[in-house]
Amino acid sequence: MTATPRRLPKALIYLVMFAIAGITAILLTQLLDGDRANLRNAVSEAPRAGGVTTVNNRSSKAFGLPATGLTPEEMDLHAAGDVAFDAVFVTSPAPINPGLGPEFNNASCGACHIGNGRGLPELGNALLRVSLPIGEGVVVDPHEGVAPVPGIGIQLRDNAVYSETPDAEVELNWVEETVTYGDGTSKTLRKPEFTIKQADAAKPIPANMETSMRVPPVVFGTGLLEVIPNETLEALADPKDANGDGISGRINHVWNPETKATDVGRFGLKANSPNLRHQTAAAYAHDMGISNPLFPEADGSMDIGDQLLKENTFYSQSLGVPARNQLDNPKVQKGEKLFADANCAACHISTLKTGPSEVKALADQTIHAYTDMLIHDMGEGLADGRPDFEADGQEWRTSPLWGVGLAQTVLPYSGYLHDGRARTLEEAILWHGGEAEQSKEQFVAMAPADRAAMLKFLNSL
Amino acid sequence: MAKRFKAVELFLAVGLAATVAACGPATTEGGEGGEGASTESVEGGEGGEGGEGGEGGEGGEGGEGEGASTEDFKWAGTFDNVEILSEFTENVVLPQYQQFSGETAALSAAIDAFVASPSDAALDAVKREWAAARTSWEQTETFAFGPAGALGFDGAMDSWPVNKTDIDAILASDDAVDEAAVAELGDTERGMHAIEYIIFGTEGANKPVADFSDRELAFLQGLGADLATQAAALLASWTDGVDGQAPYSEVFTTAGTDGNNIYPTVFAGSQELLVGIIDSLTEVGEDKLEAAFIDQDVTSLESYFSQQTLENDLTSNLQSAENGYIGSFPGGSSQAAVSISDYVAGIDPAVDSEVKASIADAKAALAAIPLPLEESLVDPEAKDEIEAAVEAILTVKNTIAEKVIPLI
């Protein structure tokens, strides 16, 4: 009834393992030396993408499992955070979960980060960040990293509780264009366009308002990314492209409202948030209108207290990372090599090591997130024209690719890239430009079977 | 229903996860922990990764002591029978969504009749149809993956808690409340629980016909029509596909075929089904029954307004798990030619018998709790029955987790 998989002789397995270990050790050493160029051919063989936190599940629940290795106390905190993450807020007064709005994008974390993954590229899941261009009398708010829009702030909340008015009415449309491969076949790409109408007399929409559409990124694995040492990111950064490889990753330096100092930006699609506590608190405040210790009401009151914020933050930190699959598939193996050969791995770095953490499962882990956590010029095609702290209008943080093969298992119909414009991973690659232009062109020039292999590799992550 | 408490579910998940460490599926990951070993060597044998099986077990010991010994959860990774997935889809998923769609249409029609001519009999008919739709919906829990969550149907039809403040504001306004207007409302202002709030009232589920305002009647019509439209669209997403996408039945039943990026292996499809069964059991046992019992909070029961949480929601979630396991649909009397149960019986008949017996015990234990749960939950006389039901449902879950999953 069940097929028994063919297995290699044990001696051969051990030999291969030994060889892989050796190669990985060399590559890891080079990584820690900060030599980005030497990493371009790094091939990760390990399925345990999140080190000890890795979970074995390729179902729609794959992004929602707690990390392995949590202590009983940590499991309790994670469980409480799970409740917080799914809690649907309603209009005050209410016996359960009051405080929604008055303006908001959605009513719970889980309503946008569906299954802890992405959201759909539709309003309600996706949202618009807004700001004013810097000019006469318009300066950057040093705490926000942008110049907020008067009366609105840094985000359009296109929803409101029943008796209130949203920030604006937003209509989303997709505009299509065509790209042609070296073999003559072509592909239709799409990008979003918006019509923004004033909804509230007190909130005029400036004609020159900068907008940037965002779909929610995946939640799992962020606890590991949070404890990659600053020194590692500094070593990976190459702001002036000193090594001349055409790739110049930068750290976005952002405001940390709790230390009241500048910090390394790690989270958000332009790395504009210093840590998960801030990221979580900002999402409560901006996405749901839930005031909290980092974003209190003007009179100092708040809808949720520090304990709930702590639980929810820990929930994100302590989700497991799904194990890779199909590692023995020759197409996957070929695709991984092509991914490295096309220099994709120069930014989507396969292997990093976490530093110390109070959570033992997160500390000192070798992880395969396929990111360098740095911001890069991605070209005009992807540009949002909306600078954010030190990131300019063409820069985006390298998105982690772990679990990317499960994106549409967890959320069918979801898209890729910051605004979900790419309906497939293939489209996502084709949108790459700027520092990734050469890699994209290599992909375009590939034979169809090679392109398919590279996509198969990405789907194995 | 949005979850409020999932400790034991998480607990179980840790166990599932913990097994990766020691024994990932050989078919999908190649060499039996060899990869882990290679990484470990790089790190100078610090033991962080070698010891993860034990650490997973440590997590399993936490929680509230009722979880299974999680280190035993091991996927075999050998499941290769795609026919079980397609038979499940044909004989359980599609007929269940079909029935649900029909019942929401009947509910909408019953509301229309009640509005046209309000009477006790017409209101009773509305309540009956509401309960029928509710029962069907909760039986879809095992296959809540795919369009139900992704396309927002779950939120639009079953958001919880109800946004009472907003609904009261809607009723107090002169705004349109027809189907088109309802479709624009937030999830917590529409769906089955919004209908429940209006037809049953907030106290004792016995709101008299005379208490229904014209605004409530008009809003009810909009809510009923919107619910029926949503249910029909959910069915269509499985049978025909939406927005040019493939029908989801095709996605699930072609697991393991080249080009299926959602379920690239048959094993991934089977994980979806098994995790769905386990989640249904978690939902009924821990989330809905145990958490409310521990808190002694009847308002946290899902169908508090109607006072029908036990007979509609809990009983149906358990039924959903059984339907998933044996591949049957009692309401439509269809039966899969081959099911997870058959697959397990083919390897170890004793395990299959044990699962089936545990399900029968759990159904009996749940049925032994006095109705309505909205009263018995806080009645010391019913304490033993409630605890026994929680225990019996956990037994089903643990049996599947510990004995079925290692065969899949």
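Predicted model: local features only at pLDDT ≥ 70, side-chain atom pairs only at ≥ 80, totals over all residues.
Let's start in chain A, with an open sheet of 3 strands in the order E4-E3-E8, paired in the antiparallel sense. At the edges sit E4 and E8 of chain A, each of which pairs on one side only. Strand E3, residues 127–131 of chain A, has a partner on either hand. With strand E8 (residues 210–214) of chain A, E3(A) forms 5 bridges, running antiparallel. If you want to trace that pairing, find A:Ser131, which lies opposite A:Glu210 in E8(A), and A:Val130, whose bridge partner in E8(A) is A:Thr211. With strand E4 (residues 155–156) of chain A, E3(A) has 2 bridges, also antiparallel. Here A:Arg129 faces A:Gln155 in E4(A).

How many residues of strand E3 of chain A are buried? It turns out that 5 of the 5 are, so the strand is largely enclosed by the rest of the structure. In a regular strand, side chains alternate between the two faces of the sheet. In E3(A), A:Leu127, A:Arg129 and A:Ser131 are buried on one side, while A:Leu128 and A:Val130 are buried on the other, which leaves both faces covered.

Now for the cores. The largest nonpolar core has 216 residues, and the ones with the most contacts inside it are B:Ile195, B:Ala389 and B:Ile393. Helix H14 (residues 266–295) of chain B gives the most to this core, with 14 residues. Back in chain B, what does B:Ile195 touch, leaving aside its neighbours within four places in sequence? Its contacts are B:Trp130, B:Leu220, B:Leu223, B:Gly224 and B:Leu227.

If you take the contacts in chain B with a separation of 6 or more, 78% of them come from residues 24 or more positions apart.

One pair of helices to look at there is H5 (residues 82–116) and H14 of chain B, which pack at an angle of about 45° with their axes 9 Å apart. An angle like that makes H5(B) and H14(B) oblique to each other, and their crossing is left-handed. The meeting point involves B:Val82, B:Leu85 and B:Phe88 from H5(B), against B:Val266, B:Gly269, B:Ser270 and B:Leu273 from H14(B).

The axes of helix H2 (residues 72–86) and helix H7 (residues 306–317) of chain A come within 7 Å and cross at roughly 100°, so H2(A) and H7(A) are roughly perpendicular. Residues making the contact include A:Leu77, A:His78 and A:Phe85 of H2(A), along with A:Leu308, A:Phe314 and A:Tyr315 of H7(A). Helix H8 (residues 330–341) and helix H12 (residues 448–460) of chain A also pack at about 100°, their axes 7 Å apart. That makes H8(A) roughly perpendicular to H12(A). Among the residues that meet are A:Val332, A:Leu338 and A:Phe339 in H8(A) and A:Ala453, A:Met454 and A:Phe457 in H12(A).

Finally, some backbone details. A cis peptide bond links A:Gly101 to A:Pro102, with omega about 15°; A:Pro102 is in the loop between H2 and strand E2 (103–104) of chain A. Another cis peptide bond joins B:Leu371 and B:Pro372, with omega about -10°, and B:Pro372 lies in the loop between helix H17 (349–367) and helix H18 (373–376) of chain B.

Two residues other than glycine have a positive phi: A:Asn97, near 55°, and B:Gln296, near 50°. Is each of them buried or exposed? A:Asn97, in the loop between H2 and E2 of chain A, is buried, because 23 other C-beta atoms lie within 10 Å. B:Gln296, in the loop between H14 and helix H15 (309–326) of chain B, counts as exposed, because it has 9 C-beta neighbours inside 10 Å.

Notes:
Residues numbered from 1 in each chain as written. Chains lettered and ligands numbered in written order. Buried ≥ 20, exposed ≤ 12 C-beta atoms within 10 Å, placed from the backbone. Helix = DSSP H or I, 4+ residues; strand = E, 2+ residues; numbered from the N terminus. Pairing = 2+ DSSP bridges. Core = buried A, V, L, I, M, F, W, Y, C linked by C-beta atoms within 7 Å. Contact = placed C-beta atoms within 7 Å. Axes fitted to C-alpha atoms, helices over the stretch in contact; angles between N-to-C directions. Parallel < 35°, antiparallel > 145°, perpendicular 65-115°, else oblique. Left-handed = near helix turned anticlockwise from the far one by under 90°.
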